[in-house]
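Hi,

Here is the structure I promised to pass on. Have a look at it first, and then read my notes below.

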Amino acid sequence: MALFDKPLDELRAYRPEPEEPADFDAFWKQTLDTAAAAAAEPVAVPYDAGLETVEVHDVTFSGWAGQPVKAWLLLPRHRTGPLPAVVQYIGYNGGRGVPWEWLTWSAAGYAHLVMDNRGQGGGGKTTADTPDIAPEGHGSSSPGFLTRGIEDPAKHFYRRLITDAVRAVDAVGQLPGVDPGRVAVVGGSQGGGLALAVAGLRDDLAGVIADVPFLSHYRRASQITDAGPYSEIGRWLKGHRYEIETAMHTLSYFDATNFAARATCPAWFSVALMDKICPPSTVFAAYHRYGGPAQIEVFPYNEHEGGGAYDTPRKLAALAEVLGPR
């Protein structure tokens, strides 16, 4: 693998003109208000994971249109009071999997909610338990999720998934053992893009960690990489030759650069300069529009794995700074 995007000095100055629809805020207010009106109380059922130091709950909460979304809640078993919470979003075509995969944040003393990805989990990684129910249907799409509903933002897949992600923060604050006033969101790749979306749609977060975030600067991403998932856009447009601007207009409602501009809580980004899945320029585009204090960690010789587990100490220090004592 080699560098294929802009050199680092150009990336640090890269501030493309945003593609932002005029009714972006109204679209999301209506979407989230409708979801809130349809929401029921979250349900947490104790789950015997056979763990001595971590208590696990199988959670169901209301996401888009009030539809049920699954999650895991992991709590340190020997806690003394309500804990700050970390809400985790998962990468593309993964899901909540099994609780033994997610022990880092509870081991660090946090309440940890791992949100499932509706309709995903078929990529041979972590499994998902939440179906994607879209009664309004959608038009043609290429395999994957980026073009599912690409002709109409109201029907797009990411309208539903981002709504789930926002509602997960509401849900975690109602669960046992959680301090609702101290919540951060984290994720990598698609999970990082979802974390940025939630940060832009809420004003009550303590912080956000977005590792090698996906869902950003779609036009450029679809033009400079042939790696999936962004290649789904180009594949669809190869057949729908005259619908480029329609597609880009729809995607602009789900662009991390637009959510980032509305976020105010502290943020920690990461980027890998040899990453063809989430090209560096698309990450820097979101980072430079971020509305609150933000830092970015650069991994010059890494691909989409970014910093991997080696970057965990930075994240632990970041969240200790904004979430306070456990």
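Is Phe-254 buried or exposed? Phe-254 has a relative accessibility of 1%, so it counts as buried (buried is under 20% relative accessible area, exposed over 50%, partly exposed in between, with a 1.4 Å probe and protein chains only).

Before the rest, some housekeeping. This is a predicted model, where local features need pLDDT of at least 70 and side-chain atom pairs count only at pLDDT 80 or more, while totals for chains, interfaces and linings use all residues. Residues are numbered from 1 along each chain as its sequence is written, and side-chain values use heavy atoms, with hydrogens and water left out.

Now the overall picture. The chain has eleven helices and nine strands (DSSP runs numbered from the N terminus: helices are H or I with at least four residues, strands E with at least two). Its radius of gyration is 19 Å, close to the 20 Å that the globule rule gives for 326 residues, so the chain is as compact as a globular protein of that length (the radius is taken over C-alpha atoms, and the rule is 2.2 Å times the number of residues to the power 0.38). The C-alpha trace spans about 60 × 45 × 35 Å along its principal axes. Of the 326 residues, 56% are buried.

On to the rings. There are 19 aromatic pairs in the structure (rings of Phe, Tyr and Trp, using the six-membered ring of Trp, with centres within 6.5 Å; planes under 30 degrees apart are stacked, over 60 edge-to-face, the rest tilted). In one of them, Phe-27 and Phe-254 have ring centres 6.1 Å apart and planes at 75°, so this pair is edge-to-face. It ties together distant parts of the chain, 227 residues apart: Phe-27 is in helix H2 (residues 24–37), and Phe-254 is in the loop between helix H8 (244–252) and helix H9 (256–260). Phe-27 is buried too, at 11% relative accessible area.

Phe-284 and Tyr-287 also pair edge-to-face, 6.1 Å centre to centre with 85° between the planes. These two are three residues apart in helix H10 (residues 280–289), so about one helical turn separates them. Both Phe-284 and Tyr-287 are buried.

There is a cluster as well: Tyr-92, Phe-145, Phe-157, Tyr-158, Phe-214, Tyr-218 and Tyr-230 form one aromatic group.

Last, the charges over rings. The charged end of Arg-96 sits over the ring of Trp-72, 3.9 Å from its centre (NZ of Lys or CZ of Arg within 6 Å of the ring centre and within 35 degrees of the ring normal).

Cheers
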